[in-house]
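Hello,

Here is the structure I promised to pass on to you. Have a look at it first, and then read on for what turned up in it.

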Amino acid sequence: MFDPDQVARTILAIMVKPLLGGKLFVVRLLPTYILSAEFLRKCVSQCIKAINNNGSRVVALVSDNHPTNRKCFALFSDGREKPWIGTDAAQESEFFMLFDFVHIIKCIRNNWQMEANGILSIQPPGADRQISAKWSDVVRLYQMEKDHVVKRTCLTHEACYPTSTQKTKVSLALQVLDERVAAALKCDGYSDTAEFIKTIVRFWKIVNCKNPDLHARLRDPDRRPVYSVQDESIQFLSALADSFDSTHCGKGRARHHSLTPETKSALVNSLRGACEMCEVLLSDPRISYVLLAGWRISPNERRQLLCICGASAAQCSTPTNEIIGIP
């Protein structure tokens, strides 16, 4: 909340990303002493009203998985059957609420490492059985190769034994969740852990698509933009959401080979919300493809919420078409 008698501890940044052209920009910076969900909702509602008063509308809200942001999203969803759909009095149409996939990928790594036995169990999309991925397999691979001149992976001590600060670095998480690690583990006979990493890597490549031509240059179909809700990538994301949704979750001693409730909810709801958002966007005849990496908040802000608004290119000073392709 804003309290003029208290010294601000952090700054809340609310940013806007125009869908149909225009660069990401800061719309509001608020020094805050204590950030509550109610205060955050009020600030976001004011921004939604300003966006609508200027002839546009909010398509989605994107944030990290911080508890305050989760509570704020819950206020906007107001107990709906689909918690990734929100409404506000300042806007007639509904909007999507997603958690940043960069933060989710770090949460998956952290949940895996911090589970009591270092094990996560899931039935991957298309698989006929449940697999159990062991963090100890990754550590064993690193210990076996750390003194070798030629290595099969880029695993480092920081990636396998991260400190509290290092757990916030996505680069270290991606050293573990890497195709080369999956291939090395498969060769060494750790097929379950290899299959789990392979599944998460595919998820990451789909949601990290930044360039419409990257899939052709790298000859990797998983890096292809979304052209239709019938695309294999969207079908995979939907099936992955179902796979994680069917698993149990818990906290502390009640968590057994599973994600925490917060990570599971953020992952499942964001995957389903992203699939539905692609369907809505691609129904617009002006849009030919969607780049999922465009729905990302800046890594430089600690307290940040991104509003994706449906502004047209004519409403923006510098059209860039970074998120969607317009023929």
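How many cavities of 30 Å³ or more does a search of the whole structure find? The search finds one. Please keep in mind as you read that this is a predicted model.

About 60 Å³ of space lies in this largest cavity. Its lining is made up of L120, S121, I122, F196, F244, T247, H257, S258 and L259. Strand β6, which covers residues 119-122, gives the most to that lining, with three residues.

Now for the overall picture. The protein has 327 residues, and 51% of them are buried. Its secondary structure consists of 11 helices and 10 strands. If you take the contacts between residues at least 6 apart in sequence, 66% of them join residues at least 24 apart.

Next, the nonpolar core. The largest one holds 84 residues, and W112, F196, I197, F203, L237 and W295 are those with the most contacts inside it. Helix α11 (residues 261-282) supplies the largest share of this core, 10 residues. At least three core residues come from each of domain 1 (10-99 + 303-315) and domain 2 (103-270). You will notice that F196 has a place in both stories: F196 is among the core residues with the most contacts, and F196 also lines the largest cavity.

Leaving aside its neighbours within four places in sequence, W112 is in contact with G118, I119, L120, A133, K134, W135, V138, V176, L177, T193, F196 and I197. Among these partners is L120, a residue of the cavity lining.

Then there are the charged pairs. Side chains of opposite charge can pair when their charged atoms come close. The count here comes to 18 salt bridges, and three of them are described below.

- K82 and E276 meet through their side chains in a salt bridge of 3.1 Å, N to O. K82 sits in the loop between α2 (67-77) and β4 (85-88) while E276 belongs to helix α11, so this pair ties together parts that are 194 residues apart in sequence. K82 counts as partly exposed, at 39% relative accessibility.

- D242 and R272 form a salt bridge of 2.8 Å, N to O, between their side chains. D242 is in helix α10 (residues 232-245) and R272 is in helix α11, so parts that are 30 residues apart in sequence are tied together by the pair. D242 is partly exposed, with a relative accessible area of 42%, and R272 is partly exposed too, at 24%.

- D220 and R223 make a salt bridge between their side chains at 3.4 Å, N to O. Is D220 buried or exposed? D220 has a relative accessible area of 12%, and because buried means under 20%, D220 counts as buried.

Which residues do salt bridges that share partners join into one network? They are E179, R202, K205, D220, D222, R223 and E232.

One last stop is helix α2. Its buried residues include T68, N69, C72, F73, F76 and S77. Just after α2, D78 takes a positive phi of about 55°.

Enjoy exploring the structure!

Best wishes

Definitions and conventions
Residues are numbered from 1 along each chain as its sequence is written. This is a predicted model: local features need pLDDT of at least 70, side-chain atom pairs count only at pLDDT 80 or more; totals for chains, interfaces and linings use all residues. Side-chain values use heavy atoms; hydrogens and water are left out. A nonpolar core is a set of buried Ala, Val, Leu, Ile, Met, Phe, Trp, Tyr and Cys residues joined through side-chain atoms within 4.5 Å. Buried means under 20% relative accessible area, exposed over 50%, partly exposed in between (1.4 Å probe, protein chains only). Helices (H or I, at least four residues) and strands (E, at least two) are DSSP runs, numbered from the N terminus. Domain bounds come from an automatic or database domain assignment. Contact means heavy atoms within 4.5 Å. A salt bridge is a side-chain nitrogen of Lys or Arg within 4 Å of a carboxyl oxygen of Asp or Glu. On a 1 Å grid over the protein atoms alone, a cavity is a set of points where a 1.4 Å probe fits but cannot get out, and a pocket is an open set with protein on both sides within 12 Å along at least five of seven lines; lining residues have an atom within 4 Å of a point. Grid points are joined across faces, edges and corners, and a volume is the space filled by probe spheres set on the points.
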